[in-house]
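Subject: Structure for you to look at

Hello,

Here is the structure I promised to pass on. Please open it and keep it beside you while you read my notes.

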Amino acid sequence: MVEQNLLQTKLPLIAILRGIKTDEAIQYVSKLIELGYFFIEVPLNSSNALETIRLLHEKFGQRCLIGAGTVTDEMQLKQVLDIGIKLIVTPNVNSKVITLAKQNNCCLFVGVMTPSEAFEAIHYGATQLKIYPSDVIGCHGFKAIKTVLPPSVSCFPVGGINADYKVMEKYLQFGASGFGIGSALYSPGIVLDEFVERASAFKTSYELAKSS
C-alpha cells in the first residue's frame, strides 16, 4: 500500500502550518524540505488557504506531499482534489470524504477522539487516524484506543505535541506511527529562524524517541 510505504520511508511528522501567509509559505516550506520533512499540511481554515496550497503544490509537489487539513466535507475535498492534492487531513468522520479520498488514492488521515469514531472511520475505509486532541486524550488514553484497533491501522497523535523526546517515546511505545505537529512548530508571526529551530528540534526529538 502506497500510504504505508510512505509512512515507513519518510519522516512521519506532519507539519501543520495553520495560518501561514501565502507570501511566506515557499520560504518556510523550503526549510522543512531541507530538514527532511515530507508531509506538509495547510489547514483550510487558514486565510487564503487554497491559493497557498496551490502555490506550494506547484513549487514542491515533486519533492514532498503538500496537503490540506481541516477538510470537513465533500465540497472542500473536491476543491483540493482539483488542485492535485493527495494528502488529506480531517478533524471529523465524514463517510463521503473518506470514500472520495480513497477513490482518488489520497493519503488520508481521519480525525477521531473516541473508539466509536475510530471504528466508524475504519468501517468507511480509513487506514490512518489522527487521534485528536492528544493533549486531552493523553498517552494512556491513546494507548487504550490503540489497543482495541486493528494493528494495520496507523495512528498519529495530534494536538499539543511538543518537541519532547520522552513523551514521543512513550507514544511510540504505545503504538503511534508518527505525529502531527501544529502550534508548537508554527504559529502566525513566527520568524523564520525560530521556525527552523523548532522544526529541527522536533526532528531530533522524534529520532531520539525512535532510536530509544
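This is a predicted model: local features need pLDDT of at least 70, side-chain atom pairs count only at pLDDT 80 or more; totals for chains, interfaces and linings use all residues.

Contact here means heavy atoms within 4.5 Å. Residues are numbered from 1 along each chain as its sequence is written, and side-chain values use heavy atoms, without hydrogens and water.

Now the core. A nonpolar core is a set of buried Ala, Val, Leu, Ile, Met, Phe, Trp, Tyr and Cys residues joined through side-chain atoms within 4.5 Å. Buried means under 20% relative accessible area, with a 1.4 Å probe and protein chains only. The largest core has 79 residues, and Tyr37 and Leu129 touch the most other members.

Leu129 sits in strand 6 (residues 128-131). Strands are DSSP runs of E, at least two residues long, numbered from the N terminus. Leu129 and Ile131 point one way, Gln128 and Lys130 the other, and all are buried. In a regular strand the side chains alternate between the two faces of the sheet.

Next, find Ile16 in strand 1 (residues 11-16). Is Ile16 buried or exposed? Ile16 counts as buried because its relative accessibility is 9%. Beyond its sequence neighbours within four places, Ile16 is in contact with residues including Glu41, Val158 and Tyr186. The C-alpha atoms of Ile16 and His123 are 27 Å apart.

Best wishes

Terms used:
Buried means under 20% relative accessible area, exposed over 50%, partly exposed in between (1.4 Å probe, protein chains only). Helices (H or I, at least four residues) and strands (E, at least two) are DSSP runs, numbered from the N terminus.
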